[in-house]
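Hi everyone, thanks for making time this morning. I'd like to walk you through one model, so please have a look at it while I talk.

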Amino acid sequence: MTESVKTPKRGYRSVRRSAQASDTRAAVLSAAHDLFIRQGWQKATIAAVARQAGVSVETIYVGFGTKRALLEAVVAAAIRGLQPGTPLMDQAGPRAVLEAPDRRSQIARFAKDIAEVLRPVAPLMAVVRAAAESEAALEELYVGLHRGRTRNLAMLVDAMLRHGPLRTDRDTAIASLARLASPELFLVVTNVEGLSPAQYTTWLSDALMALLLP
């Protein structure tokens, strides 16, 4: 009887510690996201993030290791959205794009889904790009993030090709998707030209259909 009482207590304490660690990580990521966007890479210090998150500087270094790793984690959290434990391409939105019944449906679903992803991600990519101009480690991160985008977009092109040929070859189709659906162009279209995300979605869908479909 004694053992049967103690085991649940240990389990409860373990769950509570895990929940506390998760809450702390979420608070740090939220604070870092806010500061990186508002202040940029240089001014958003680990100490400032710690103050805003209500944790110690040591907690951040133990949890993330470096400032670069923290920024990478913030970008990953923005990409994955409400499902932080699930890679983007395994989430319902991208899966629905790949499994759509025809190429026009795939493009339309992709345009809508990528606009939702880019809204939180594009400003962070701008932070990484600006930092990459002066720090080699951030340049590596920036290039790596774009290579990851290209791999994901290749999955879409391959899914479209299963429904028939495209107007261009595979590599050109992937490159066209990467350029038109880039976070950099999203910011130009929405922040400079003033299009809403919904208008961007319509423009992107129309442009891709005209460019890729026979």
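What does the accessible surface of the protein come to, and what share of it belongs to carbon and sulfur atoms? About 11900 Å², with 55% belonging to carbon and sulfur atoms. Those areas come from the Shrake-Rupley method with a 1.4 Å probe, and for residues only the protein chains shown count as cover.

A word on the ground rules. This is a predicted model, in which local features need pLDDT of at least 70 and side-chain atom pairs count only at pLDDT 80 or more, while totals for chains, interfaces and linings use all residues. Residues are numbered from 1 along each chain as its sequence is written, and side-chain values use heavy atoms, leaving out hydrogens and water.

Now the overall picture. The secondary structure comes to ten helices and zero strands, and the pattern along the sequence reads α-α-α-α-α-α-α-α-α-α. Helices here are DSSP runs of H or I with at least four residues, strands are runs of E with at least two, and the numbering starts at the N terminus. Along its principal axes, the C-alpha trace spans about 70 × 50 × 30 Å. Of the 214 residues, 39% are buried, where buried means under 20% relative accessible area, exposed means over 50% and partly exposed lies in between, with a 1.4 Å probe and protein chains only. As for contacts, meaning heavy atoms within 4.5 Å, take those between residues at least 6 apart in sequence: 65% of them join residues at least 24 apart.

Alanine 32 has a relative accessible area of 0%, so it is buried. Beyond four places in sequence, alanine 32 touches Val49, Leu70 and Val74.

Buried or exposed? Leucine 70 counts as buried, because its relative accessibility is 0%. Leaving out residues up to four places away, leucine 70 touches Val28, Leu29, Ala32, Phe36, Ile46, Val49, Ile60 and Phe64. Leucine 70 and valine 28 are 42 residues apart in sequence, yet 8.9 Å apart in space, C-alpha to C-alpha.

Next, two helix pairs. Two packed helices are described by the angle between their axes and the distance between the axes. The axes are lines fitted to C-alpha atoms, for helices over the stretch in contact, and the angles run from 0 to 180 degrees between N-to-C directions.

The axes of α2, residues 46-53, and α3, residues 57-64, come within 8 Å and cross at roughly 105°. That is why α2 and α3 are roughly perpendicular; the classes are under 35 degrees for roughly parallel, over 145 for roughly antiparallel, 65 to 115 for roughly perpendicular and oblique for the rest. Ile46, Ala47, Val49 and Ala50 of α2 make the contact with Val57, Ile60 and Tyr61 of α3. By class, that is seven nonpolar residues, no polar and no charged. Here Ala, Val, Leu, Ile, Met, Phe, Trp, Tyr, Cys and Pro count as nonpolar, Asp, Glu, Lys and Arg as charged, and the others, Gly among them, as polar.

For the second pair, the axes of α7, residues 136-161, and α8, residues 170-180, come within 9 Å and cross at roughly 125°. That makes α7 oblique to α8. By class, the contact of α7 with α8 has nine nonpolar, one polar and three charged residues. Among the residues that meet are Arg149, Leu153 and Asp158 in α7, and Arg170 and Leu177 in α8.

Moving on to α9, residues 183-192: Pro183, Phe186, Leu187, Val189 and Thr190 are buried there. The buried residues of α9 pack against α6 (103-132), α7 and α10 (197-212). After α9 comes glycine 194, with a positive phi near 85°.

Let's finish in α10. Serine 205 lies in this helix and counts as buried, because its relative accessibility is 10%. Beyond four places in sequence, serine 205 is in contact with Ile107, Ala108 and Ala111. Leucine 208 is also found in α10, and at 1% relative accessibility it counts as buried. Which residues does leucine 208 contact, leaving aside neighbours within four places in sequence? Ile107, Phe110, Leu177, Leu180 and Leu213.
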